[in-house]
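Reader: I have the model open next to me and would like to talk through a few spots in it. Can we start with the backbone and move on from there?

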Amino acid sequence: MAESHDCDRQSGGDTVDAFGMRVVVAPAGSKKMTEKTDQVPSSRGSTKEQGSDIYRYKMDYPCLGTCVIINNRMFHKSTNMSERNGTDVDAASVSETFGKLGYKTKVFNNMTVQQMKNLLLAVSKEDHSNSASFVCVFLSHGDDGVIYGTDGFEKFENLTKYLKGNQCRSLLGKPKLFFIQACRGTELDGGIETDSVEDEKAQRIPLEADFLYAFSTAPGYYSWRNTYNGSWFIQSLSEMLQRYSGELELMQIMTRVNHKVSRHFESSSTIPGFSGKKQIPCIISMLTKDVYFP
């Protein structure tokens, strides 16, 4: 475990959304992120009308849905969690992105564990009959299976359970999309050099169906956030959603997010062993149909 430091005196570098970890990062002007122009060729989405394709979620409701963004930057001293500089850039980016898609975005800053639970419980009790879907974005510290509020941590499953089919009937059969920018452990991914290669009738629905969990990193690993430009994952997500929505299906878009994060970013830190590290998002899907944003 590296020595604890105040990583936010120097903006513009890379840091991690870590559990009990505070990292000194490279100062502005140093080599931070390896940025390239993404030139991945795209393909067109389904040409079928939404109503005639049983493998495509109906999205032409009066409202596309609500996008709840929980943006935790400051943390109580008792948690030993550092301030998450750069997270406000993420919150602004993702709010703008989902707003442009047609969602009613709501940003909630610096929430305690109980406030997060109360918020999602309140959302589950709302009437979503006129909404096509629901989106929730977590921007916080984390560890294996947990997300931090400002005063401590909670199991991720205890936050998402409120939106399950038996808790929120008006979202039953509709996509519930969660995007999580947080660490999932303390492992570092050093990457590896590769050789060149070519690149609707009544029915019972499982309670866990129609969920998508898009984590910024694989289980057990740190998740990187630049203190000036925002996190690798959220910035890539915002870019790809704005570029490909209305053209590609959501899982295709998320594959492009994975490509962007894994190929175009590399950490730079003054902590020995923390430079030159990589990251790969992890997408867990229980979706039962394709998601095409309007």
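Author: Let us begin with asparagine 110, which is found in the loop between β3 (104-109) and α2. This is a predicted model, and in it asparagine 110 has a positive phi of about 50° although it is not a glycine.

Reader: Is asparagine 110 buried, exposed or partly exposed?

Author: Asparagine 110 is partly exposed, because its relative accessible area is 31%, which falls between the limits of 20% for buried and 50% for exposed.

Reader: Which residue other than glycine has a positive phi near 70°?

Author: That is aspartate 210, with phi near 70°, and it sits in the loop between β8 and β9 (211-215). Aspartate 210 has a relative accessible area of 2%, so it counts as buried.

Reader: Back to α2 for a moment: where is valine 113?

Author: Valine 113 belongs to helix α2, which covers residues 113-125, and with a relative accessibility of 11% it is classed as buried.

Reader: And what does valine 113 touch, leaving aside neighbours within four places in sequence?

Author: With those neighbours set aside, valine 113 is in contact with Gly149, Asp151, Gly152, Phe153 and Glu154. For aspartate 151 in particular, the separation from valine 113 is 38 residues in sequence, while the C-alpha atoms are 6.6 Å apart in space.

Reader: Changing topic, how many aromatic pairs does the structure hold?

Author: There are 16 aromatic pairs in the structure. In one of them, phenylalanine 156 and phenylalanine 178 have ring centres 6.4 Å apart and planes at 85°, so this pair is edge-to-face. The pair links distant parts of the chain, since phenylalanine 156 is in helix α3 (residues 156-160) and phenylalanine 178, 22 residues away, is in strand β8 (residues 176-181). Both phenylalanine 156 and phenylalanine 178 are buried.

Reader: What about tryptophan 232 and phenylalanine 265, stacked or edge-to-face?

Author: Tryptophan 232 and phenylalanine 265 are stacked, with 5.4 Å from centre to centre and 15° between the planes. Because tryptophan 232 lies in helix α4 (residues 232-244) and phenylalanine 265 in the loop between α5 (250-264) and β12 (282-285), the pair ties together parts that are 33 residues apart in sequence. Tryptophan 232 is buried, with a relative accessible area of 0%, and phenylalanine 265 is buried as well, at 3%.

Reader: Which residues form one aromatic cluster?

Author: One aromatic cluster is formed by Phe134, Phe138, Phe156, Phe178, Phe211, Tyr213 and Phe215, and the edge-to-face pair of phenylalanine 156 and phenylalanine 178 therefore has both its members in that group.

Reader: What lies over the face of phenylalanine 215?

Author: Arginine 184 does, at 3.8 Å from the ring centre of phenylalanine 215. A second case of this kind is arginine 256, which lies over the face of tyrosine 244 at 5.2 Å from the ring centre.

Reader: How should the predicted coordinates be read where pLDDT is low?

Author: Where pLDDT is low, the predicted coordinates should not be read in detail.

Methods
Residues are numbered from 1 along each chain as its sequence is written. This is a predicted model: local features need pLDDT of at least 70, side-chain atom pairs count only at pLDDT 80 or more; totals for chains, interfaces and linings use all residues. Side-chain values use heavy atoms; hydrogens and water are left out. Helices (H or I, at least four residues) and strands (E, at least two) are DSSP runs, numbered from the N terminus. Buried means under 20% relative accessible area, exposed over 50%, partly exposed in between (1.4 Å probe, protein chains only). Contact means heavy atoms within 4.5 Å. Rings of Phe, Tyr and Trp (its six-membered ring) pair if their centres lie within 6.5 Å; planes under 30 degrees apart count as stacked, over 60 as edge-to-face and the rest as tilted. A charge sits over a ring if NZ of Lys or CZ of Arg is within 6 Å of the ring centre and within 35 degrees of the ring normal.
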